[in-house]
Amino acid sequence: MDLPPGPSAPAIWQTIAWMTRPGAFLRGVHARFGDPATIRTYWTEEPMVLFSSPDSVRAVFRLDPAIAPAGQSWEFLRPFAGAHSILLLDGEEHLRERRVMAGPFHGERMRAFAPMVAGLARAELATWRGRVLALERMRELTLQIILRVVFGARDDELAALRRAIDDTLATVRSLPSLLAMAVVRRDLGPRSPWGRFRMAVERFDGVLFELLARRRAHPGADDSMLAVLLEQRDEYGNPPSDRHLRDELVALLVGGHDESAASLAWAFERLARYPEIQARLREGDPAYLDAVVKESLRIRPVLTIAPRLLLEPVQIAGHWIPAGIQVAACIWLACRREDLWPSANHFRPERWLGEQPAPNPMSWIPFGGGVRRCAGAPFAEMEMREVLRAAAGLALRPARAEAERARRSMLVLVPHRGAKMLVG
Ligand code: HEM
């Protein structure tokens, strides 16, 4: 079985392009090889076949998890995410975790978080004057939000948690560390990237276990997601172990923090270049606000792929792909292909306001799809709406006229200058 065509450059070069110029790399692969195309990077041990047309994306999302698990694609996160992490599980175990985690993200429960998110967003945006790096500010804000909502962190606990998380994430966000870890995943002592990472994880766990002990001693003291998770009981009536809870919290943190921060940074990067869209946002129409959120997630999706590892050969949109290969719905291409989106490179919220033809749902996939679709998507969209609503009163201008390009920071694509803007 031949794999679909793809670049013949050595994996190390493809890895560098994938990390440093992800947009240009994916655009180039699509222009040269079409859909599907096969890439080889150190991101995964196996070659990866990228699919981006609506039919093939739907087929990838419908693959039976028993033959196309997603958990193994996140294997490199195991040392931080932990063995019980929803990110790494598949099959029944995965669905059980999803049921536990999905509850707090939906309906009334989720809406109840909105005023708190709006309050934190207003406090942050009130400080914006002059030169602002939106990415940095949004990392701070979304971390604060997630610590309050997920961990139920109180004022006196915030600083220690923040420091521990920053230390851990800092060891994997930088490009040289990430490259070094992708190539040599071995502990070569406390000064090696892997060694530093392991030590940061241990410190982080220490802080988290202390927090868990405090919450177990005073259950039901808040309405955080941790409070909901603490109420779980297994079939024998036993509460979850500290390890299990720790892994659930880290999944929400890893799943939620960087993605939301990067998505908001891109929304600001785009908005700063469109005073007319800022003016319309100021009018306060909720449908327009929602359209701005949808359009910025489309034009700058922060996760580029939703990967699955094939355990058996499968046919996807007429192509047989052998076992042992990664297949991925290519989020970035699906959201950006010129043939799928009229004027794909233009930031046009209007396309979400009743235009014909309506956008194809299998092309708007910033949150992935199928049984692995982002568990926090409703929360993430609410968070973006609240932050952009709070920012509507500001006049934003880009620090430099040319658009910022994408670079990889850990798992997500971020604006390479950090969404540098002038405010006021
Ligand atoms: C704009 C922000 C966000 C984006 C773009 C995003 C995107 C994604 C994507 C693409 C996936 C993988 C889907 C797949 O493989 O098909 C995912 C999974 C996940 N996300 Fe998000 N996410 C965001 C925010 C959040 C937030 C705020 C949370 C939680 C607080 C969260 C929690 C998760 C979890 C737990 C998973 C794993 C789901 C599973 O494996 O079943 N995400 N996210």
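This is a short walk through one protein chain, from its overall form down to single residues.

Please keep in mind that the model is predicted.

Let's start with the whole chain. It has 17 helices and 11 strands. How far does the C-alpha trace span along its principal axes? About 60 × 50 × 45 Å. Now the radius of gyration. A compact globule with 424 residues would come near 22 Å, and the chain has 21 Å, so the two agree.

Of the 424 residues, 54% count as buried. The accessible surface comes to about 18100 Å². Carbon and sulfur atoms hold 55% of that surface.

The chain carries 57 positive and 50 negative charges.

Find H11, residues 193–217. It has 25 residues. From first C-alpha to last, H11 reaches 37 Å, close to the 36 Å expected at 1.5 Å a residue. Which residues of H11 are buried? Among them are Trp194, Phe197, Phe204, Leu208, Leu211 and Leu212. Asp205 and Arg215 are buried in H11 too.

On to the loops. A cis peptide bond joins Asp35 and Pro36. Omega there is about 0°.

Move along to the loop between helix H16 (331–336) and helix H17 (377–391). Two residues here deserve a stop. One is Ser343, which sits in this loop. Ser343 is not a glycine, yet its phi is positive, about 50°. Is Ser343 buried or partly exposed? Its relative accessible area is 35%, so Ser343 is partly exposed.

The other is Glu355, also in the loop between H16 and H17. Its relative accessible area is 30%, so Glu355 counts as partly exposed. What does Glu355 touch, leaving out residues up to four places away in sequence? Arg348 and Glu350.

Last stop: Ala419. Look in the loop between strand S10 (412–415) and strand S11 (420–423). Phi of Ala419 is near 55°, again a positive value in a residue other than glycine. Why does Ala419 count as buried? Because its relative accessibility is 1%, and buried means under 20%.

That's the tour. Over to you for questions.

Key: Residues numbered from 1 in each chain as written. Predicted model: local features only at pLDDT ≥ 70, side-chain atom pairs only at ≥ 80, totals over all residues. Heavy atoms only, no water. Helix = DSSP H or I, 4+ residues; strand = E, 2+ residues; numbered from the N terminus. Expected span 1.5 Å × (residues − 1). Buried < 20%, exposed > 50% of the residue type's maximum accessible area, 1.4 Å probe, protein only. Rg over C-alpha atoms; globule rule 2.2 N^0.38 Å. Areas by Shrake-Rupley, 256 points an atom, 1.4 Å probe, with all protein chains shown as cover. Lys, Arg positive; Asp, Glu negative; His and termini not counted. Charge placed at Lys NZ, Arg CZ, Asp CG, Glu CD. Contact = heavy atoms within 4.5 Å.
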